[in-house]
Amino acid sequence: MPFGLVNAPATFSRIMRKLLDVLRDLHNYLDDVLGHNGDWPTHLHALREFFVRVREANLALKPTKCFIGYTELVFIGHKVGQVGVAPNDDDLISKIKQATPPTTKKELRSFLGLVGYYRAFVPNFAAIAVSLTDLTKKYSPNVLVWTDVHDQAFRTLKHV
């Protein structure tokens, strides 16, 4: 694919989604593919299927950028390993735990963005955060009207 095309990232992302469509425990982020399995034979089977699909799609892998056989690997703030994917960025987690209740829409959006990074690890994230996201709507006041409902949602997101 030529460099510089506006839709190149979207096109490549679609190719990767189709490539990994039915493969379990393989996830991609742009041009990186992460695999995590519970045991070595399962991992080898997933790798073999992945390599076959890469070859069939006429794609190429650069061996110097491939990391195979690690029991644990840190990637963009997530720990990928035999047990799956887990949060890893201790600085980010401590920032979330030390956050003070926001007083403005800007501060609230910042907090929601911070906790949203790990939303996959928070069960029912959207249901918990709905009262907070309602405060960020277009015609709501810039200075927040903070109630017990908002405080409960804030505390729940901080400590999950």
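Let me start with N124, which counts as exposed in this predicted model, with a relative accessibility of 60%, a value that lies over the 50% cut-off for exposed residues. If you follow the chain to find N124, you will come to it in the loop between α4, residues 105-116, and α5, residues 125-134.

Now, where is N58 found? N58 sits in the loop between α2, residues 40-56, and β3, residues 72-75, and N58 also has a positive phi, of about 60°, although it is not a glycine. With a relative accessible area of 70%, N58 is exposed.

Let me step back to the chain as a whole, which has 6 helices and 5 strands, arranged along the sequence in the pattern α-β-β-α-β-β-β-α-α-α-α. The radius of gyration of the chain is 20 Å, well over the 15 Å that the globule rule gives for 160 residues, so the chain is more spread out than a compact globule. Along its principal axes, the C-alpha trace spans about 55 × 40 × 25 Å.

Of the 160 residues in the chain, 28% are buried, and the accessible surface comes to about 11,300 Å², with 57% of that surface belonging to carbon and sulfur atoms. Finally, if we turn to charge, the chain carries 20 positive and 15 negative side chains, and the centres of these two sets lie 7 Å apart.

Notes:
Residues are numbered from 1 along each chain as its sequence is written. This is a predicted model: local features need pLDDT of at least 70, side-chain atom pairs count only at pLDDT 80 or more; totals for chains, interfaces and linings use all residues. Side-chain values use heavy atoms; hydrogens and water are left out. Helices (H or I, at least four residues) and strands (E, at least two) are DSSP runs, numbered from the N terminus. The radius of gyration is taken over C-alpha atoms; the globule rule is 2.2 Å times the number of residues to the power 0.38. Buried means under 20% relative accessible area, exposed over 50%, partly exposed in between (1.4 Å probe, protein chains only). Accessible areas come from the Shrake-Rupley method with a 1.4 Å probe; for residues, only the protein chains shown count as cover. Lys and Arg count as positive and Asp and Glu as negative; His and the chain ends are not counted. The place of a charge is taken as NZ of Lys, CZ of Arg, CG of Asp or CD of Glu.
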